[in-house]
Amino acid sequence: MLRRIIRRAVRHGNKLGAQGAFFYKLVGILAQVMGSAGEELKKQQALVEKVLRIEEENFGRTLDRGMTILNEALDSLEGKELDGETVFKLYDTYGFPADLTNDVARERDFTIDEAGFEKAMEAQRQRAREAGQFGTDYNDAIKVDAQTEFCGYAGTQGQSSVVAMFVDGEEVEALSAGQAAIVVLEETPFYAESGGQCGDAGVLKTASGLFKVQDTQKLGNAIAHHGELAEGVLAKADQVEANVDAERRAAISLNHSATHLLHAALRQVLGEHVAQKGSLVKPDNLRFDFSHLEAVTAQELKEVERLVNAQVRRNHVIQTDIMDIESAKQKGAMALFGEKYDDEVRVLSMGDFSTELCGGIHAANTGDIGLFKITSEGGIAAGIRRIEAVTGESALDVVDAQTRNFESKLNDAASKAKALEKEIQQLKDKLASQASASLTDQVKDIAGIKVLVAQLDGADNKALRGMVDDLKNQLGSGVIMLGNVAGDKVGLIAGVTKDLTGKVKAGELVNMVAQQVGGKGGGRPDMAQAGGSDAGALPAALESVDAWLAERL
């Protein structure tokens, strides 16, 4: 309703010539006019202005397009009534409430097909119902006078009797194997879906039958067990042993307690404006919707997660007190807007961190949660965000999956890096081979022996060995001495063809040069490598090679 009022105001401001966002600017003026009666508005002024501005900007982006479509539809009308499908499309696609469309139409002397609009709305509601868990909702059709007593806070087992059964919305006296039905008991440990906590599952056992409960829902004052008779027969007034799936219930309770910690943590990290707008607590995960105007940052999510886990480690006793609603409010319990509470309420406390009204099932201690892990955060409506998270074993599974994913990505990256290194080395070897071909122009003749002495700059030291092999093949017979400067390091390599190793040893040659550049080295008679640290001395060291070789050749 508030959104419709805001959008109507924005449209009329637009008609009056207002440029850009304007509506939120009225908040400060309103607070001044209200005087002492507007103290609460003054406290929340910044927040209210932000909410209005975002809503105004969001609607402003669709107003022009929606108005264009509406005006085109009105211009093309042969009569004076706009069809309901178009009114619904404007509402469903562009956020135009039917009354806003009606305003525009009335100003142009048209009417809208309200009945057609309602028909389209009902069709949408029906599609939503059919997409639900049971396809057909018999709760509206089924009338039960019985009132089921819930006895599941203390445990997951109980003895009771069947007071009513329904098949396809019709009451029956007995069930046979294979029939899907709704069973109502006099009392039950099965928790009916409420307050965001999903309904329990389990079995109802009798002397002659076994009914598998797939879900539990409220049916007026009764609790309805939805499921199927797996074997035997089940009749009205039969005595049953009700057994809730205890492992499933325990997982649900952990997630439910975690939503309370999450709510308190969000208010602490994001601000007191955060309020719960919905939740869904299931065995495998939890979903929590809350009011907030912008995306929660990664750092804020990390802080919230750490804050919740800190309370988990403190292992608070989860205490439940029964008291009247006023006493609960005085204790500081948060009540959910729109929820209906009895005169006496259950107040759930987790140390001094969280105090809320709640009728659901919870863990005994916060430490039972074990680990809380947020899996996603996103917007679901204007000003409403949603966090999904897991606890306990499910949280460990998520951490394990993330670790495996990280390891897989790391291995993939390592494999790609190794392949790239191999490719780079191949390219370097190819470049070295091409470089060695150009070096043959520098070959000298000393005592009838081919000698190549050369300095390289920036070559890959690993590629030098391949370069020397190529040069040996090109020379056939000869002596090679190469020096390379890469950064501040000197790389040296000497090669001697095997027919000359009796006169010249590659190890002796490379060591002679290495000593002049601050290093040393050695190797085989036909191939030897060395390193050095004095790049400035390399030219002179290489020049000394000719004289050193002349003495030996």
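# Reading surface and contacts in a predicted model

Trainee: Where is L2 placed, and is L2 buried or exposed?

Mentor: L2 sits in helix α1. Its relative accessible area is 66%, so L2 counts as exposed.

Trainee: Which residues form a negative surface patch?

Mentor: That patch consists of E81, D83, E85, E114 and E118. Take E81 as an example: this residue belongs to strand β1, which covers residues 81–82. E81 has 46% relative accessibility and is therefore partly exposed.

Trainee: Let's move on to charge pairs. How should I think about them in general?

Mentor: When their charged atoms come close, side chains of opposite charge can pair.

Trainee: How many salt bridges does a search of the whole structure find?

Mentor: The search finds 23 salt bridges.

Trainee: What distance separates N and O in the salt bridge of K331 and D321?

Mentor: Their side chains meet at 3.0 Å, N to O. Here too the pair links distant parts of the chain, with K331 in the loop between α10 (325–330) and β16 (344–350) and D321 in strand β15 (residues 318–324), 10 residues apart. K331 has a relative accessible area of 37%, so this lysine is partly exposed.

Trainee: And R385, which forms a salt bridge with E377: is R385 buried or exposed?

Mentor: R385 is buried, because its relative accessible area is 14%. In its bridge with E377, the closest N and O atoms are 2.7 Å apart. Salt bridges can also share partners, and that joins R4, R8, D99, D103 and R106 into one network.

Trainee: What about cysteines? How many disulfides does a search of the whole structure find?

Mentor: The search finds zero disulfides. The test is whether two cysteine sulfur atoms lie within 2.5 Å. For C151, the closest cysteine sulfur is that of C198, 18 Å away, so the two are too far apart for a bond. C198 is in no disulfide either, and the nearest cysteine sulfur to C198, that of C358, is 13 Å away.

Trainee: Are C151 and C198 buried or exposed?

Mentor: C151 is partly exposed, because its relative accessibility is 27%. C198, at 9% relative accessibility, counts as buried.

Trainee: Now the backbone. What should I expect of phi?

Mentor: The general idea is that most residues other than glycine have a negative phi.

Trainee: What is the phi of D109, and where is D109 found?

Mentor: D109 has a positive phi of about 70 degrees, although D109 is not a glycine. Look for this aspartate in the loop between α6 and β2 (111–112). With 57% relative accessibility, D109 is therefore exposed.

Trainee: What is phi of D168, and where is the place of D168?

Mentor: D168 has a positive phi near 50 degrees, and D168 is also a residue other than glycine. D168 lies in the loop between β4 (157–167) and β5 (170–172). At 59% relative accessibility, D168 counts as exposed.

Trainee: One last topic: separation in sequence and in space. How far apart are A333 and S349?

Mentor: A333 and S349 are 16 residues apart in sequence, and their C-alpha atoms are 8.4 Å apart in space. You will find A333 in the loop between α10 and β16. A333 is buried, because its relative accessible area is 10%.

Trainee: What distance separates the C-alpha atoms of E326 and D343?

Mentor: Those C-alpha atoms are separated by 8.9 Å, with the two residues 17 apart along the chain. E326 is in helix α10, and its relative accessible area of 46% is why E326 counts as partly exposed.

Definitions and conventions:
Residues are numbered from 1 along each chain as its sequence is written. This is a predicted model: local features need pLDDT of at least 70, side-chain atom pairs count only at pLDDT 80 or more; totals for chains, interfaces and linings use all residues. Side-chain values use heavy atoms; hydrogens and water are left out. Patches are made of residues with over 30% relative accessible area and no salt bridge: like charges are joined within 9 Å, nonpolar side chains (Val, Leu, Ile, Met, Phe, Trp, Tyr) within 5 Å. Accessible areas come from the Shrake-Rupley method with a 1.4 Å probe; for residues, only the protein chains shown count as cover. A salt bridge is a side-chain nitrogen of Lys or Arg within 4 Å of a carboxyl oxygen of Asp or Glu. Lys and Arg count as positive and Asp and Glu as negative; His and the chain ends are not counted. The place of a charge is taken as NZ of Lys, CZ of Arg, CG of Asp or CD of Glu. Helices (H or I, at least four residues) and strands (E, at least two) are DSSP runs, numbered from the N terminus. Buried means under 20% relative accessible area, exposed over 50%, partly exposed in between (1.4 Å probe, protein chains only).
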